[in-house]
Amino acid sequence: MYAIVEVKGKQYKVEKGQNILIEYLGEDAKESPEIKTLLLKKDDESVVVGTPYVENVKVNSKIVESLKGDKVVIGKHKRRKDYRRKTGHRHKYHKITIEDIIV
């Protein structure tokens, strides 16, 4: 069984026991967030597609760790003008484990 879920505007295909990286949920994120925005659920014998979301289905998950992604470096320059700027950032993520898909 798998499901297509939406977390912070992005869609993920999840199965029970799978680890995925999602966008950072904030400092006040719960230890085990529930994902209630399911777009599709597929069993062995049936497929349920939501309009826009599937009702009465939720996904239990658990935050494993918070981490940062790769460094993104932004460099700007204008030739012959002595103008150079170098900035960058590292995006934050949560690594979560899908515990169960409850119908």
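Q: Which residues does Glu23 touch, leaving out those up to four places away in sequence?
A: Contact means heavy atoms within 4.5 Å. By that rule, Glu23 touches Lys8, Lys10, Tyr12, His91, Lys92, Tyr93 and His94. A polar contact of 2.8 Å also links the side chains of Glu23 and Lys10; the term stands for a pair of N or O atoms within 3.5 Å, where within protein one must be able to donate a hydrogen and the other to accept it, and residues adjacent in sequence count only if both atoms are side-chain atoms. Keep in mind that this is a predicted model, where local features need pLDDT of at least 70, side-chain atom pairs count only at pLDDT 80 or more, and totals for chains, interfaces and linings use all residues. Residues are numbered from 1 along each chain as its sequence is written, and side-chain values use heavy atoms, with hydrogens and water left out.

Q: Where is Glu23 found?
A: Strands (E, at least two residues) are DSSP runs, numbered from the N terminus. Glu23 sits in strand 3, residues 19-23.

Q: How many bridges join strand 7 and strand 8?
A: Strand 7 (residues 58-78) and strand 8 (residues 83-102) pair over 18 bridges, antiparallel. Glu65, for one, has Lys95 in strand 8 as its bridge partner.

Key:
Helix = DSSP H or I, 4+ residues; strand = E, 2+ residues; numbered from the N terminus. Pairing = 2+ DSSP bridges.
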